[in-house]
Amino acid sequence: MGIKSDQWIRRMAAEHGMIEPFEAQQVRYVDQRRVVSYGTSSYGYDIRCSSEFKIFTNINSAIVDPKDFDENSFVDLNADICIIPPNSFALARTVEYFRIPRDVLTICLGKSTYARCGIIVNVTPLEPEWEGHVTLEFSNTTTLPAKIYANEGVAQVLFIGADEVCETSYRDREGKYQGQVGVTLPRA
């Protein structure tokens with residue numbers, strides 16, 4: 001078992017479509033404008049946030065219930081910048097679509113650029129043979145509004161190779177988030 005390198009990530013993206021769209025190197029500038037970096041790093045892949053957001057609102061005084069989540073608890077936004085209210089959160093999705101190999105598990109960690117501003121990025125592990133756009137959760141832990149930039153880096157995915165292939169993959173058990181596109185809310 002070990003963490004996968006930049007060479008492996010490039011090969012899997014090219015030969016198996018593991019990440020689409022794919023950046024083979026770290027991107028730090030777009031049209032001479034500095035961005036939060038994204039693309040392939042030494043032992044991971046820095047994912048981007050799309051311009052599709054769902055911002056949490058308590059305007060309807062709903063109860064947050066993961067088994068029966070009220071879609072009216074969010075305001076939809078399609079923009080280059082998302083402002084998350086203080087002590088609140090927003091959902092988004094990755095620009096990239098992932099196809100995880102059967103002998104790999106991923107762990108995703110938020111980028112330090114956001115963490116150092118009190119913005120926590122949470123993503124659950126991507127299991128063997130899971131595929132789809134990754135739903136991202138941004139928690140603003142500060143007492144001030146916080147900005148998230150679309151089409152820029154937000155978190156890093158680490159690919160961990162297994163010692164042996166799993167008996168049952170996410171696809172085999174027909175996981176409820178398989179093939180998700182767009183920002184996907186909780187499913188019971």
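Is Cys 49 buried or exposed? At 0% relative accessibility, Cys 49 counts as buried, where buried means under 20% relative accessible area, exposed over 50% and partly exposed in between, with a 1.4 Å probe and protein chains only.

This is a predicted model, in which local features need pLDDT of at least 70 and side-chain atom pairs count only at pLDDT 80 or more, while totals for chains, interfaces and linings use all residues. Residues are numbered from 1 along each chain as its sequence is written, and side-chain values use heavy atoms, with hydrogens and water left out.

**Salt bridges**

- The structure holds 12 salt bridges, a salt bridge being a side-chain nitrogen of Lys or Arg within 4 Å of a carboxyl oxygen of Asp or Glu.
- One of them joins Glu 96 to Arg 48, with the closest N and O atoms 3.0 Å apart. Glu 96 lies in strand S8 (residues 89-99) and Arg 48 in strand S5 (residues 44-56), so this pair ties together parts that are 48 residues apart in sequence. Helices (H or I, at least four residues) and strands (E, at least two) are DSSP runs, numbered from the N terminus. Both Glu 96 and Arg 48 are buried.
- Lys 54 forms a salt bridge with Asp 76, and the closest N and O atoms are 2.7 Å apart. Because Lys 54 belongs to strand S5 and Asp 76 to strand S6 (residues 74-78), the pair ties together parts that are 22 residues apart in sequence. Lys 54 counts as buried at 15% relative accessibility, whereas Asp 76 is exposed, with a relative accessible area of 56%.
- Glu 127 forms a salt bridge with Arg 173, the closest N and O atoms lying 2.5 Å apart. Glu 127 is in the loop between strand S10 (119-122) and strand S11 (131-140), and Arg 173 is in the segment after strand S13 (153-161), so the pair ties together parts that are 46 residues apart in sequence. Glu 127 counts as partly exposed at 27% relative accessibility, and Arg 173 is partly exposed, with a relative accessible area of 43%.

**Strand pairing around S8**

- Strand S8 is mostly covered, with 10 of its 11 residues buried.
- Strand S2 (residues 19-20) and S8 run antiparallel and are joined by two bridges; two strands pair if DSSP finds at least two bridges between them. The bridge partner of Glu 20 in S8 is Tyr 97.
- S5 pairs with S8 in the antiparallel sense over four bridges, and Ile 55 stands opposite Ala 90 in S8.
- S8 also pairs with S11, in the antiparallel sense and over eight bridges. Phe 98 stands opposite Gly 132 in S11.

**Nonpolar cores**

- The largest nonpolar core has 36 residues, of which Ile 47, Phe 98, Leu 136, Phe 138, Ile 148 and Phe 159 touch the most other members. A nonpolar core is a set of buried Ala, Val, Leu, Ile, Met, Phe, Trp, Tyr and Cys residues joined through side-chain atoms within 4.5 Å.
- S5 contributes the largest share of this core, five residues.
- Another core, of seven residues, lies apart from it and includes Phe 56, Phe 74, Val 183 and Leu 185.
- Leaving aside neighbours within four places in sequence, Leu 136 is in contact (heavy atoms within 4.5 Å) with residues including Ile 47, Arg 48, Cys 49, Ala 90 and Val 154.

**Cysteines**

- A search of the whole structure finds zero disulfides, a disulfide being a pair of cysteine sulfur atoms within 2.5 Å.
- For Cys 49, the closest cysteine sulfur is that of Cys 82, at 7.6 Å, too far for a bond.
- For Cys 166, the closest cysteine sulfur is in Cys 108, at 20 Å, which is too far for a bond. Cys 166 counts as partly exposed at 24% relative accessibility.

**Annotated residue Glu 137**

- The UniProt annotation "active site", from an unreviewed entry, covers Glu 137. UniProt positions are given in the numbering used here, feature names are shortened, and annotations may be inferred rather than shown by experiment.
- Glu 137 lies in strand S11 and counts as partly exposed at 23% relative accessibility.
- Not counting residues up to four places away in sequence, Glu 137 touches Phe 89, Ala 90, Leu 91, Ile 120, Val 121 and Asn 122.
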